[in-house]
Amino acid sequence: MAEAEKVEVVIVGAGLAGLACAYHLADAGLETLVVERGDFPGSKNVTGGRLYLHPVRRFFPPIWEEAPLERHVTKERLTAMGEGSSVTFELASERFKEKPYHSHTILRAKFDPWLAKRATQKGAIIVPKNRVDDLLWREGKVIGIVASEAEIHASVVVAADGALSFMVEKAGLGQGRKPQDYAVGVKEVIELTSSAIEERFGLSDGEGAAQLFFGSLTEGMFGGGFLYTNIDTISLGVVVGIGALMEKAPGFELHRLLDSFKERPEIKPLIEGGHPVEYSARIVPEGGLESMPRVYGHGILVVGDAAGLALNTGLIVRGMDFALASGALAARTIIEAKKRDDFSLASLSRYEESLKESFVLKELETFREMPHFLQNPRLFNLYPQALAESLERLMWIGEEPKEKISTTLWGEARRLIPSAVGDLLKVWRI
Amino acid sequence: MSIDANLALDAFKIDEESHIQIIDEMRCKERCQTRQCLYVCPAQVYTLGQEGEILIRYEGCLECGACIIACDIGLAWNYPRGGFGVQYRFG
């Protein structure tokens, strides 16, 4: 890289938020440089994962139909796991089969290069293989970055460097990283033929399934499992709260959870004969609204995971739609600031306002209490176990005559009541 | 699968220099009882040496950052230099 370059905007990180921002900035004619530490955009990026497109369509022209999406999800499954039993709810709806589709499974090493190409076509410059080491400051204002010992000056720096954001830290915008506010996830990508996937999950051509798991697979820790069908691979993984994992340690190794998960009878036949082709890991922001950093500072905006924009409601896990929308909104703020030739703090603060007006912070506000609610260990041991056991008792025909259904249910309820009443009350708050 | 078999699935471009350092071994020994780095790392980058010291296999780091969220005492951690480290082909 040449020294002492000056551009309008430097974006740190070519993930979804950074690329979405670059796409819009370049489209508006602003000189935009994206600095990415990986060999190519996507080479360091990991998702579970599934992308919900409806929330972000309004922020982009209709480009998504050409994107390298995997399968559109038509089957949603949620599995409560007990020790030797499990209960699975499955939602199949014709609505999921209507275009434009509701959600898609994706793989980031394929998806991100595509979005990068779209941004490049608009005129953004993406420089891979360069790690941003520092921010440049003048009179308390961020005025650029240092990458591979070269200084690059900019009117605005956009921190799009992911859940572990050193830019947020260096800009002094964060609250410190608390183990309770993050989870760590591991994933295996398992290769199977397209037809095997469709047969095993009961899918038509191009359709996909998404399945979340909670209960004994995380041994009582906050977290769960996930399975997403891609075109000819399955993404299978486990996510566990770092705080919960630290309480469980010593002696407990995360990757063993994934091994045991793969051996479960609920999973094993689905991946039988498949070849693991990749093992990946990432951290996930889980703290919600209350643990977010400040999203703007003097000369800097924060987007995507770096801003902690992720939401886990147990039923739904989101982040990539927030990343795309926040990148687009940051671009909008910068474009407006450029028009006024005003890159002051007050001018950039408009970004936070626009996040608040958008679905991004509205949803995080709605689910403000969720992170606290999910810290309850009973959600991950007692309840899934009790659900599976009581259904088993209802279904089981033994040698003895069966008792009344109400007796079975009452027996189970008495075991749960001491804690369940309080926990149910909490449900009303989320 | 063993962790090594898991990591063998991935492509790595290994830098000569480690991007992870122990700030001060004595600090780990004296101030850390829990040794969280040994357990929270999904790639088992951290193992215990014979003298109770922490050994680092930075080559297999998946760059997730779980270790420095769990450890606030002893680790100096940065992303690998540009162009090095894990190279995801699926992600």
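Of the 430 residues that make up chain A, 49% count as buried. The model is a predicted one, so everything below is read off computed coordinates. Chain A holds 14 helices and 19 strands, and its C-alpha atoms fill a box of roughly 85 × 45 × 40 Å along the principal axes. A compact globule of 430 residues would have a radius of gyration near 22 Å, and the 23 Å of chain A agrees with that. As for how the chain folds back on itself, take the contacts between residues at least 6 apart in sequence: 74% of these join residues at least 24 apart.

The chain splits into domain 1 (5-69 + 106-175 + 292-357), domain 2 (180-283) and domain 3 (373-427). Between the centres of domain 1 and domain 3 of chain A, taken over C-alpha atoms, there are 46 Å. One residue pair gives another distance of this kind: Y383(A) and G144(A) sit 239 residues apart along the chain, with 51 Å between their C-alpha atoms. Y383(A) belongs to helix 13 (residues 382-395) of chain A. With 19 other C-beta atoms within 10 Å, Y383(A) comes out as partly exposed, because a residue needs 20 or more to be called buried.

Eleven of the twelve residues are buried, so helix 1 of chain A is largely enclosed by the rest of the structure. Among the buried ones are L16(A), L19(A), C21(A), Y23(A), H24(A) and L25(A). And what do they pack against? The buried residues of helix 1 meet strand 1 (5-12), strand 2 (32-35), helix 2, strand 10 (150-159) and helix 8 (320-340) of chain A. After the helix comes G29(A), which has a positive phi, near 85 degrees.

Then there is the partner chain. Here 41 residues of chain A are in contact with 29 residues of chain B. On the chain A side, the elements giving two or more residues are helix 2 (108-122), strand 11 (182-191), helix 5 (242-248), helix 6 (254-263) and strand 15 (275-285). Strand 15 of chain A gives the most, with eight residues. By residue type, the side of chain A that touches chain B divides into 21 nonpolar, nine polar and eleven charged residues.

Definitions and conventions. Residues are numbered from 1 along each chain as its sequence is written. Chains are lettered from A and ligands numbered from 1 in the order in which they are written. This is a predicted model: local features need pLDDT of at least 70, side-chain atom pairs count only at pLDDT 80 or more; totals for chains, interfaces and linings use all residues. Two residues are in contact if their C-beta atoms, placed from the backbone, lie within 7 Å. Helices (H or I, at least four residues) and strands (E, at least two) are DSSP runs, numbered from the N terminus. Ala, Val, Leu, Ile, Met, Phe, Trp, Tyr, Cys and Pro count as nonpolar, Asp, Glu, Lys and Arg as charged, and the others, Gly among them, as polar. Domain bounds come from an automatic or database domain assignment. The radius of gyration is taken over C-alpha atoms; the globule rule is 2.2 Å times the number of residues to the power 0.38.
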